Amino acid sequence: MQAITRTGQLLHVIIRVIVDWQMHSLKSSVSVCQKPLYFPGSIMTQVRTRIAPSPTGDPHVGTAYIALFNRNFAKQHNGQFVLRIEDTDQTRSTAKSETDILNALKWLGLDWDEGPDNGGPHGPYRQSQRSDIYREHINQLLDNGQAFHCFCTADRLNEVRAEQMANKQTPGYDGHCLSLSKEEVKTRLDNGESSVIRMRVPTDGECVFNDRLRGEIRINWSQIDMQVLMKSDNLPTYHFANVVDDHLMEITHVIRGEEWINSTPKHILLYQHFGWDVPEFCHMPLLRNPDKSKLSKRKNPTSINYYRDMGYVPEAVVNYLGMMGWTMPDGREMFSVDEMIDHFDIDRVSLGGPVFDVEKLNWLNGKYLRERFDDEAFMQAYAEWAFNPDKLKMVVPLIKERVERFSDVIPLAGFFLSGSLPLSEADFEHKSLQLEDSRRLLQFALWTFEGLPAWEREHISGACQKLAGFESLKIREALFPLFVAVTGKAVSVSVIDSMTALGLDVTRARLRDAINVLGGVSKKEAKRLEKQYRDFDSFDPEAS
RNA sequence: GUCCCCUUCGUCUAGAGGCCUAGGACACCGGGUUUUCAUCUCGGCAACAGGGGUUCGAAACCCCUAGGGGACGCCA
């Protein structure tokens, strides 16, 4: 009886296999029709990928993450990996940020074949230097009516949006300037009236495109806004510059964060307007905070420099990023970038948003230190980290006046070489400040520091003065919790100079640690504090 | 609010219809090694979001629901 059942089962299996096989070949023949123009590994087309960071802040681990996968994919197909600076936001882009990002990626070993520093045949690789190119291309779209001038004011647009939101409609441009005659546009332009250029978007139907990782994605054109392509400062927006540059730089595969899925139809439309081939899209999952929201510096250290300053080694950091959404086929967890490239398969990326888990990174970093560094290498790496001249230059003036022997240095300045400090509530006991006061001071300090225009001594000092003034405390009292949180002691070298030397990321991490030691801030309390903080924000220390 | 994406241990993940009584790693707990601790090592805890379908057979394919996330800027 059993034998019969088993034979039946076997028969089913065989039939199923044949049917599946036929289905499979059918499927692949269908998918060829919708397949993008570029076949990975094909001799015909050279694979080219890019990372396109915006130099508006600290080098973000998310940038490194996306860079890693782009670079892997290109290298694996003997293609090229390009770095392009997207600095079209003139108000936020800075040269320092650009340098920092380039250095951070290099530190991780993620170098590029073409970029602003090493050049290449498709330069310049900085969008701020490509204005003529965008001008030329936008004129094409204006000429054939696929783009139009818009003179609407920000106030009017805000009103329209508010109304649409209230009516539960998808907010978007209402087409107000679409009906302007050529003559009228010309007159207003000649009068020097401020304007932008928007793209025309179909009013109905849907945009169907293929994402390599997710398959077919359909988005109604009614969901797509008449995106601004050229701003009133005559610089392009991301959407426009990105498409023009990707085409001119012959990018074949656009591997980027999931946050771009909804704007992909705009990009595809632009490719079509220009009559260009559309690259293949791969939308990677977003790195997450422990609460699953998109990784943000408010909740988690996101700067690559933070990880460097905390004494992580680049091999471990990049290895860790490689295991976000991806695994080696054999399950190995420790691997170099080159090993990853050898076994890389972008189709094995898993799509759930990976939580950036510092604990596991710590374990991996420790494993590297133990297994990949012999005593000699460890000694050298540690010395380079701890006695980094740039860092030391800031620390020595602080401690020199206060030591009598070299043996005094570590007890006094050891906190410069530490990660988090071993603190307890007792460390925050103070004759006039309650623990609750300290907690509030630390939280306000944290928020103020985050809003500083730059991490420089005078700004930090100003913020502390303001904090003391707002709380009607002597500066000495207001700084007390900061001393404990940052240096580990109530009495130490200048805490303002110390924070300046430690950098915002490490300072932020210490303030957060201290707040947690003091019981943390509950959601309810955070709301209350935020309210108070608004008063603080508008507080003028000069006036009082 | 509208649209889009996603969903396997607390976390990172393996999984391509039968190799699944769901595997590995971090974290956690316990044993061994170690003068302590750490390392190392052995073991343990722990998951297919829910409901329908398709199938001889579903973690896997389809549908619905729920939950999470993202996007909706003259930011990128």
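**Exercise 1.** Find which helices and strands each supply at least two residues of the surface near RNA strand B.

*Solution.* Start with the helices of this predicted model: helix H1 (2-34), helix H7 (238-248) and helix H12 (358-371) each supply at least two residues. Finally, pick out the main contributor: H12 gives the most, with four residues.

**Exercise 2.** Describe the residues that surround RNA strand B, and say which part of the RNA they meet.

*Solution.* Begin with the count: 53 residues surround RNA strand B, and the closest are Thr88, Arg214, Lys231, Gly325 and Glu333. Then sort the protein residues by kind: 21 are charged, 17 nonpolar and 15 polar.

**Exercise 3.** Locate a contact to a phosphate, one to a sugar or linking oxygen, and one to a base of RNA strand B.

*Solution.* For the phosphate, go to Gly325, where a polar backbone atom is 2.2 Å from a phosphate oxygen. For the second, look at Asp89: an N or O atom in its side chain is 2.9 Å from a sugar or linking oxygen. For the base, turn to Asn262, which has a polar side-chain atom 2.8 Å from a base nitrogen.

**Exercise 4.** Work out the strand order of the open three-stranded sheet, and find the helix H4 that packs on the sheet.

*Solution.* The order is S3-S4-S7, with antiparallel pairing. Strand S3 (147-150) and strand S7 (228-230) are the edges, each pairing on one side only. From one strand to the next, the twist averages 45 degrees. Helix H4 (residues 131-143) touches S3, S4 and S7, and its direction makes about 130 degrees with that of S7.

Methods. Residues numbered from 1 in each chain as written. Chains lettered and ligands numbered in written order. Predicted model: local features only at pLDDT ≥ 70, side-chain atom pairs only at ≥ 80, totals over all residues. Heavy atoms only, no water. Near = heavy atom within 4 Å. Polar contact = N/O pair within 3.5 Å; in protein donor to acceptor, adjacent residues only side chain to side chain. Nonpolar A, V, L, I, M, F, W, Y, C, P; charged D, E, K, R; others polar. Pairing = 2+ DSSP bridges. Axes fitted to C-alpha atoms, helices over the stretch in contact; angles between N-to-C directions. Contact = heavy atoms within 4.5 Å.
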